[in-house]
Structure formats: structure tokens, C-alpha cells
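Hi,

Here is the structure I promised to pass on.

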Amino acid sequence: MSTAHNNAQKGDFAKTVLMPGDPLRAKFIAENFLTDVKQVNGVRNMLGFTGKYKGHEVSVMGSGMGMPSIGIYSYELFDQYGVEKIIRIGTCGAYSPDCKVFDVILGQGSCTNSNWFSQYGIPGTYSAIADFDMLKDAYEIANKIMPKENVHVGNVLASDIFYNDQPEVWKKWQKLGILGVEMESYALYCNAAYLGKKALTILTVSDSFITHEETTAEQRQTSFKQMMEIALEVAIKE
Ligand code: HPA
């Protein structure tokens with residue numbers, strides 16, 4: 001079997017898949033954190049790998065940027081490849097003054113400006129949330145390996161828009177307690193809920209809307225070790 005977007009065979013993916021946005025980060029994680037690694041997807045260079053972490057099978061695959069992209073890949077992993085859990089590992093822009101560059105945000109809930117939910121034909125809105133057990137495990141692990149003040153749990157915004165024509169609109173989300181913005185979690189959580197699977201989003205703050213501090217591309221590629229450790233430990237929890 002294979003899909004239009006994935007040439008892995010059935011059984012090539014582990015039950016848990018880590019999904020960074022960047023496929024080269026997936027390769028980096030596979031090469032640096034996993035053993036017995038096998039590349040399982042190469043379509044459109046959306047690299048996917050399966051290997052072992054502390055003796056447990058774990059996969060890692062790029063999601064691409066934005067909800068259409070993670071929507072396709074996560075749906076197929078859940079629906080066609082028997083994947084049970086997806087852990088998105090990404091970056092976000094901080095809206096909250098408490099969230100500093102390199103802090104970790106666990107996406108307990110996800111808001112969106114996307115119309116992703118309209119596909120279900122339900123007259124209402126949907127609160128997209130992380131799987132509680134995965135969230136709890138991630139929080140416990142994060143607090144073991146990082147100072148408490150650098151770990152945040154709460155609502156994030158999954159935005160369709162990076163270059164926003166309304167540059168001040170983020171302040172309205174901030175007022176509602178949104179910790180930061182990324183572009184994928186809502187679609188991932190909806191796919192998981194719709195298909196009876198589990199998902200979590202773990203984010204490193206890469207830039208701040210308040211202080212305008214930023215990180216370099218090189219730092220983004222290599223220095224998110226703590227987030228990876230949290231994700232890998234959650235991945236192998238029974
Ligand atoms: N906006 C959207 N997604 C992001 C950002 C941002 O500022 N930073 C990292 N991911």
C-alpha cells in the first residue's frame with residue numbers, strides 16, 4: 001500500500017509518530033535520538049523514519065507548515081497506517097509575557113481562525129484539545145528536566161495566517177489567555193478526535209510578539225533538545 005503523499009508500507013510506522021514541521025528536523029531527530037533507523041517515506045521529501053528509542057519503536061515524520069499539510073499527513077497516519085498517537089513538536093510565537101524564548105508550551109487547547117471544523121457540518125464551534133494522559137505525562141517529564149517557570153500549559157492559536165494584514169489582532173487573542181501562535185495544532189487535534197486517536201502539541205517558543213526576541217534558523221534546527229526529550233519520553237509511555 002501507499003498513498004499519494006506517503007510511500008511507506010503498512011506496518012512501517014510505529015504506533016506513535018513525532019511530527020516536527022520541517023522534514024530535515026525529522027531526519028535530525030532520527031539520526032541523533034533513535035537507533036536502528038529506517039527511512040519509510042520520501043514522497044515530496046516529507047521524510048519519515050522509524051527507529052528505536054530506549055528499545056521502543058518510534059517514528060518521526062515532517063508535517064509541513066500549516067493545517068492543510070499536517071491535516072493530510074496526520075489523517076493518513078491515523079486512518080491508513082494504524083498510528084495511535086501523534087506528538088507535534090514545533091515552534092510558536094509567544095503572545096504571553098510569561099513565555100520566553102526557548103520556553104516550552106504544551107498545547108492543552110487549540111483555538112483557530114481556520115474554517116477546518118466546517119467540514120463536519122455541525123452548527124457550532126469545537127474546542128480542540130490534547131489527549132489528557134499525554135499532556136499529563138509531558139507536563140511531568142518537562143518539570144523533571146526544566147525549571148518550572150519555563151514550562152507552560154494552556155491554549156494556543158492555530159493560525160492560517162503568518163503575515164497578517166491586521167498586525168494588532170494577536171492582542172485580542174492574548175486578552176483571552178492564548179499563550180502563543182503556531183499553525184497546525186487545531187487540524188491535528190480535530191483529526192485525532194474524529195478518528196478516535198490521540199494527539200499532543202509540544203512547542204518551543206521561537207519568537208515573542210512582546211519582546212521581539214528571535215532565534216536563528218540554526219538554533220531552531222538543533223537546540224530544541226529538551227522538547228525532543230519530552231516528546232520521546234511521552235512517546236514510549238505505556
Ligand atoms: N506565527 C505562526 N507560527 C509560528 C510563529 C508565528 O509567529 N512562530 C513560530 N511559529
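How much space lies in the largest pocket? About 1,100 Å³. Keep in mind that this is a predicted model.

The largest pocket is lined by 38 residues. Closest to its centre are G93, F162, V181, M183 and D207. Several elements supply at least two lining residues each: the helices α1 (23-33), α4 (170-175) and α6 (217-222), and the strands β5 (85-94), β9 (180-182) and β10 (198-208). The largest share comes from β5, with five residues. By class, the lining has 15 nonpolar, 15 polar and eight charged residues.

Next, the second largest pocket. Its space is about 150 Å³. The lining consists of T112, S114, N115, F117, S118, I122, G124, T125, Y126, S127 and Y186. Seven of these residues are polar and four are nonpolar. None is charged, whereas the lining of the largest pocket has eight charged residues.

Is T16 buried or exposed? T16 has a relative accessible area of 6%. The cut-off for buried is under 20%, so T16 counts as buried. Leaving aside neighbours within four places in sequence, T16 is in contact with V58, S59, K85, I87 and A235.

Best wishes

Key:
Residues numbered from 1 in each chain as written. Predicted model: local features only at pLDDT ≥ 70, side-chain atom pairs only at ≥ 80, totals over all residues. Heavy atoms only, no water. 1 Å grid on protein atoms, 1.4 Å probe; cavity = no way out; pocket = protein on both sides within 12 Å on 5 of 7 lines; lining within 4 Å. Points joined across faces, edges and corners; volume = space filled by probe spheres on them. Helix = DSSP H or I, 4+ residues; strand = E, 2+ residues; numbered from the N terminus. Nonpolar A, V, L, I, M, F, W, Y, C, P; charged D, E, K, R; others polar. Buried < 20%, exposed > 50% of the residue type's maximum accessible area, 1.4 Å probe, protein only. Contact = heavy atoms within 4.5 Å.
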